[in-house]
Amino acid sequence: MPIAGPVEALLGVTLLGAFLVFLAPDEYAGKLATAVSLVPVAVSVWMYSVFDGAGNALLGGTLAFESDLGWVSLGRYDLAWQVGLDGISMPLLLLATVLTTLALVSSWTPIDERESQFYGLMLLMEASLIGVFTALDFFLWLVFWEAVLIPMYFLIGVWGGPRRKYAAIKFFVYTNVATLVMFVGFMALVFGLGDSISTFGMAEIAQALREGGNLSTLAGLAPADLRLVAFTLMFAGFAVKVPVFPVHTWLPDAHVEAPTPVSVMLAGVLLKMGTYALLRFNFTMLRETAEANAGIIVAFGVLSVIYGAMLALAQQDLKRIVAYSSISSMGYVILGLVAFTPHGFGGATFQMIAHGLISGLMFMTVGVIYNETHTRMVGDISGIADRMPWAVGIFVAAAFGYMGLPFMAGFAAEYLIFQGAFASTVIPAAPLVTAVGMFGIVVVAGYLLWAMQRTLFGEYSLATDYDVSRAPVHDVAPLVVLLALVIVLGVRPGLVYRMIQDAVNPLLHGGVVLW
Amino acid sequence: MVVDIAGYRVADWVAMTPALVLGLTAMVLFIVDSIEPRPGSSSNAVLAGISTVGALGAFLLAGTFLVLGVGQPRGTGAVDLFNGQLVVDGMSLFFVVIVGSVTALVMLASYDYLDGESYQAEYYGLVIMAATGMAVMSSANSLATVFVALELSSLPSYALVAFVKENRGSVEAGLKYFLVGALSSSVLVYGISLVYAASGSLQLNAVAEALSGSVELVGVLGIGIIMVLLGVAFKTASVPFHFWAPEAYEGAPAPVSAFLSSASKAAGFVVAFRVFLTAFPEVGGLGGGEPVVDWVTAVTVLAVVTMTVGNFAAANQEKVKRMLAYSSVGHAGYVLIGLAALNTPDRGLVLGASMMHLLVYGFMNTGAFLFIALTDYWGVGRTFQDFNGLSEQAPLACAAMTVFLFSLAGLPIGGGFISKLYLLLGTVNAGAWLLAASLIVNSALSLFYYSRVVKAMWIEDSAGEFEIDSYPSSLYAAVVIAAFVTFALLPAFGLLSPSAFDAASVLFG
Amino acid sequence: MAGAFDFVPAIAALPLLAFVIALFAGQYMPKRGAEAGIAATAGSLILSIWTALTVAGMTGSETFYNENLYTWVAGVADSAVTLRLGVLVDPLTALMLVIVSLIALLVHVFSLGYMNDEGETGLPRYYAGLGLFTASMLAFVFSNNILMAFMFFELVGLCSYLLIGFWFREDGPPSAAKKAFLVTRFGDYFFLIGVVGIFATFGTGLFAPVEAASGTMESFPHMAEMAIEESETFFGYGAQTWMTILGLLVLGGVVGKSAQFPLHTWLPDAMEGPTPVSALIHAATMVAAGVYLVARMYGFYALSPQALAVIALIGGFTALFAATMGVVKQELKQVLAYSTISQYGYMMLALGAGGYVAAVFHLTTHAIFKALLFLGAGSVIIAMHHNENMWDMGGLKDKMPVTYWTFLSGSLALAGIVPFAGFWSKDEVLFEALIHGVGTEGTLGAMFLLAYAMGLLAVFFTGFYTFRMVYLTFHGNARTDVARDPEPVRWNVKAPLAVLGIGAATVGLVNMAPVEKLTGLHIDFLHQWLDGPEEGGWPDALSTDLHHYEELLHNVPHVDPAYPIGGEQTTLIVSAALSLGLALGGVLLARSLYGVDEPVEHTDKLGGAKALLTHNYYQDESQVWLAQGVTVPLARAADKFDQGVVDGVVNGVSSVSLFTGSRFRRIQSGVVSNYAALMTLSLVLLLVAFVVLGGVA
Amino acid sequence: MAIESQYYLLLSAAIFCIGVYGILTRQNALLFLMSVELMLNAANINLVAFSFYHGNLTGQVFSLFTMALAAAEVAVGIGIVLVLYRNFEDIDVTKAATMRW
């Protein structure tokens, strides 16, 4: 058991870097932070290259870069510093590190006050995200899970748009309540298991629950009801982060008010926390309950897809459009998860990565255009393609990626989800439900094409009085990198899909089996 | 009567040394001040130094004893003094640690705060006196000692609140605190007398003994228990005897507010824990039987009402200090869960959580009030708007304040995260869904109003351009230390939590 | 020894390379990237021809090829399907490859004249688009499974979007591009469901079985066949029904791409794109993709009578419907656009009515002559300085002879005048529809006959609008100054026209089935080409041969030929004479109306029908209404609901709690006596609650 | 002969209630203090009576403590009342109501 593995190194570097950046003078903060953030990228890429995990972290798989130390002993329970990676968390970790670096680069232009604080907070957020995707002890995980809120609150509140204070506090309180609700649900399970467990190790609890049976009555709740209650509370809690209709309303506000790089992180990584948690907790630990209520769950998923898309159709603000379409895309993840098929789980997880990259790309592109035009309203801009050919080119590419163009990551993810959901034996009337959900791909094409036609093409005109010029290289570079990643993953999903499958398949095979 | 401490066989009273040290410090302060040729002119530094050292000493001694296992099962087992009028066990030492640390911080901060004030010696003396009272409260094992110690901590507190004699706010606060205090102490003592009537003794174990059998005068006993509960509620600033708190905390000098809202509250709770769990377990139905006087439910009601009233009233205050005062009421409600969510085999879990919450609270709340002291010192106003853009002037202090507030709100930036979640967990464990729900609602609300301060400091732009000229070193030091400890208690929560949970489970026999 | 089949992927790879080069290096090239495109397409053409020859067995090596080359997504778990990309080469593929790469090459060359010489900007983007399009189309053609087909199908859609919207600075093109992608995407939505369904049903999407090391991987049409024989059930449906459902879902994509009713509306708008693009994408190839897909998986459709009936009806109706709209159009390219829709209707009709060869034949000939017509139109447009209104033309015959004669050849083919290509193919289509309609019992036969009737009627209109176009454009007196002195065109315009002109006149020879039937000469080469050898060879291995299809048609939906009038030969002659007569009738009417020096509009004679026709039966209006009149208000309503109700609740909660707080504050009245009162009161309350009621019990 | 213990209880309860009544009705700080004293002494009655009833001296001893503390309390109280008078020119407890809500 290594005392300090690469994961600890990642956390250490980012935290240390964060404090260095806090102290750095504003004019160097951006460059310094970017430089610092390259270390986690390098480390995580190295980890990916030597990744030797197998199976699912919670179901007795062999973990990569595991370390397990005692932390706190509280009454009956021991909290442990337990981290490790499996095929699900590894790609998400990569997503977090890479996206952070790119977001940092894309901040150079828009962020022009209190830089050192901004970049320091960004690094703090990266550290917490790394923790979220690596921690395997519930309490430790919860620490990072909640820690994400703090930098996010400031990033939205200080550097955000006109209604930033409202958006920040809304995001803050909303998600915090969700966490507490989820916490109650999970704890009900833990106490339901009684003395059979003595730690908050997610693996231990997951396996205890999957063996079933040994769940005892708690406060007059019979085991079955207890499962249902716990599932409901946890689902409700995580649904806010995802977000699922009807608990999504914090998202558009947060997205619209947040500065672009923060939106990138929010859509790219933070939303994935929700689905990651759903996968780890609800769908891993309470399989039977999930299967029994698949009809209701999938309803939420499909509803989010269609409803989010419809809302996006009604928006005038480019950022709001992308924000609502994120709700739609995350709905697919729910659809895939609840299918309980290999491609369902795999596609859902892959969609987390794909949507992370594509929505990040989308927000960055909108940001680049905003940097030049200082407006995001569809009505204010037209014919930008005339002035910013490359940025617009990438915008078009990103939009088609969002529409699920083949050979881009989005298509792979969505197709796999559909494939999995269609064949699902759990979802009632699976083919029909899937078909309904799939209609999202038409609507998404609708609003994105409409928005592009209005803003990018036609006679050049601009409502704001700024002269639009080609975007600087360091604005476009991150876009190119992201686009490249999207295409690479679209042509060769196996790069991450293989390890994902390896990690999700055990979920489908009853008890604790290594695939 | 000898007791074994780390291998040395010493007289049993040695176990009380933490409290004695505090008492002696008070005496020393009086001596120093009285041998001073020109009365009332002894050096602030010397007095602050002595009292800080004394408090620190008590804190360290108690800590050492705790580590050495004095009064705990793994060590000598509970040490009874004066035929069990006083007892030294894990719980008492734990609370002396809280009281000592808070007092030390306050004393350290007071050095700058009192700069130029008159009657400094009296101030330090009174604080240490009150601290001594609280230390004794944590050991009090008889209703008599409880009452005496409680008064010993209360009387100096009244004076301290009214310390700034020429300030109407301070005086008004003192008056209200005193009147409410007098009323509640008479309620307490009447309750004690009724309990005595029913049980025929004041020593807690004896009371439990007497009440274990069949009790005549049940009604009397019930009235007595409820009155005792309310008498203690005054000390812990719980509804309905909380009315003094907002005014007292707002009107008193900030360090005193810090001292009262942290240490005094903790002392009140240790009394509550000990009295109700040592003397009235059977009566309350904790023995498994039908409850004779269902004080557990009563406490549940008080807990819910207290946290709700405190937090909702705090939600839209104009003055930061008063907001903190109300939030302190709210936290009393959280801690009461330790006496309410007992419908479970392992009650040590939730009670230990309460104790840990009080420990963390001791640092984060003290720190928050000391930050207010700092702003007083700078002459920054008291309202939220006055804090706008403060971070540009004093980033370090504001960062510390942010740590305090977010930790109070239960975010993972300080020990408050774990302790609060552990309270929530305790409610789940006992299946007390009502408590769980109200805890969630209130904690969410508290996040809202705490972050109003953070917003003012970091997000809002400063309206009035005040200039901060001097940075009071000792006050700063106190704030920063408090912040550091608050933060450190997140990773290092385990340093003290085992003793807390052990002490808690011991109390349930 | 590496045979032609090892280079088949290169057929698509070369244009892809051209795309990359043109995109990034285009602006540094003298012809702005055209070089890359021409070289690549030429290469593709050569490779395609080599492939075709190999398939024909002239190189002596194996005459077919079907391999999985790339595992796109490996399904690790047992129940997880594996998704692969692979290449299938059989005669159909080979034929289509040649057609596509040939026309792509010619269009590239033509573009030199149409774009470069006209001094357009943004040419690298243009040639990159053409390259990517050619690549995806070719890859689509040799896809060996339906998922791969779908993926490139979508890419083709993307390219069409990019190229239609090439002139993005104007308002029309971007809008048309959006419409094109959106309408086809709507069709592809059903297609995608179909693909998912096929994989979910059979675990494979192979068009034809693959001989892998692990053993034979069966194709899904064959599996479907088996399933129907054993009458299994899928998802609660009988095999027959389920296959029909899947087939119709896939058909959605076909209807979208091949611009069949009701998803045809995008094609006329697509004429906003540069004319060479119209020629390549919206006439010869992309639109053919839909029909090609049906032909590709004909073994599947042949299993479902309902699907066949739907296809045939859609085809016949579209043929007539579009032809009528073509009658009143003013712009040259508009007429061609509607004729395209109509002609693809014929192909669908043929496929539906079991005329597999006829459909492929018409696909071939149409590709040639429609490309020709569009390029001809392009050359006219150059001459007319991008004025497309036929009423501003006239008398161009003498000014631009090459264009005229080639265009005329194309028109004759389109109108279906013997002996031009169109005659042979269209005649075969109608003949097949007729005999199968008569021969098949029950509703299916009736449907075929109905479709046939519509198709036959459409022949007249086709003849009419074609020659209306010819007369208005080239005959009579020039009606504008530009027409009097048109801009000359260079070799790079004329050469492609010449090639295609000859083609249009002669491709009919590849399958003169009537002559064969009358004389017994075996000159129905296409028929033989698609029928394959009697035993062995690719038919056995792939079972994508005509013979197999006819078996299926006979066995499952019981589609059989029968000859109403006397024997086969008489029926043949009669039907040929009938269609030719109608066509000539249309031509002559056009001549009498517009073949004069100063033609005038006769559309008013149509009366009420005129408005209907000029507004395309209000198809666009209705669809626009569907998109904006229904969807947008719905979206707005959803937004209102979201802002008002869902978010309203959230904000409501917070304001309510704040209000509660402001009330709770009031308890703290500041007067100490009140505190005492409240304390006493609560003490009493507690005593009552817990002692009087609770304790003393 | 001894008096039944519940009579003592009644007496002390009566005195206690009188004290409470005083607190609720009197606005003069000193009267407020006196009422508190009444309540404390009510408690003392109980203690002494039941110390006799139970036959141990605990109660009587404790009542001595209570008196002492009551005295101390009054001392502090008077002090506060003094400064109250200095600041508010009155010893009406309801006057000092600047801080509220």
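What share of the contacts in chain A with a separation of 6 or more comes from residues 24 or more positions apart? Such residues account for 79% of those contacts, two residues being in contact if their C-beta atoms, placed from the backbone, lie within 7 Å.

The model is predicted, so local features need pLDDT of at least 70, side-chain atom pairs count only at pLDDT 80 or more, and totals for chains, interfaces and linings use all residues. Residues are numbered from 1 along each chain as its sequence is written, while chains are lettered from A and ligands numbered from 1 in the order in which they are written.

Select chain A. This chain holds 22 helices and four strands; helices (H or I, at least four residues) and strands (E, at least two) are DSSP runs, numbered from the N terminus. Of its 515 residues, 72% are buried, that is, 20 or more other C-beta atoms, placed from the backbone, lie within 10 Å of their own. The C-alpha trace spans about 70 × 55 × 40 Å along its principal axes.

Next, select residues 64-74 and 77-85 of chain A. These are strand 1 and strand 2, which run antiparallel and are joined by eight bridges; strands pair if DSSP finds at least two bridges between them. Val72(A) has Leu79(A) in strand 2 as its bridge partner. Two residues lie between the strands of this hairpin, where Gly75(A) takes a positive phi near 55 degrees.

Finally, display chains A and B together. Their contact takes 31 residues from each of chain A and chain B. On the side of chain B, helix 17 gives the largest share, 10 residues.

Terms used
Buried ≥ 20, exposed ≤ 12 C-beta atoms within 10 Å, placed from the backbone.
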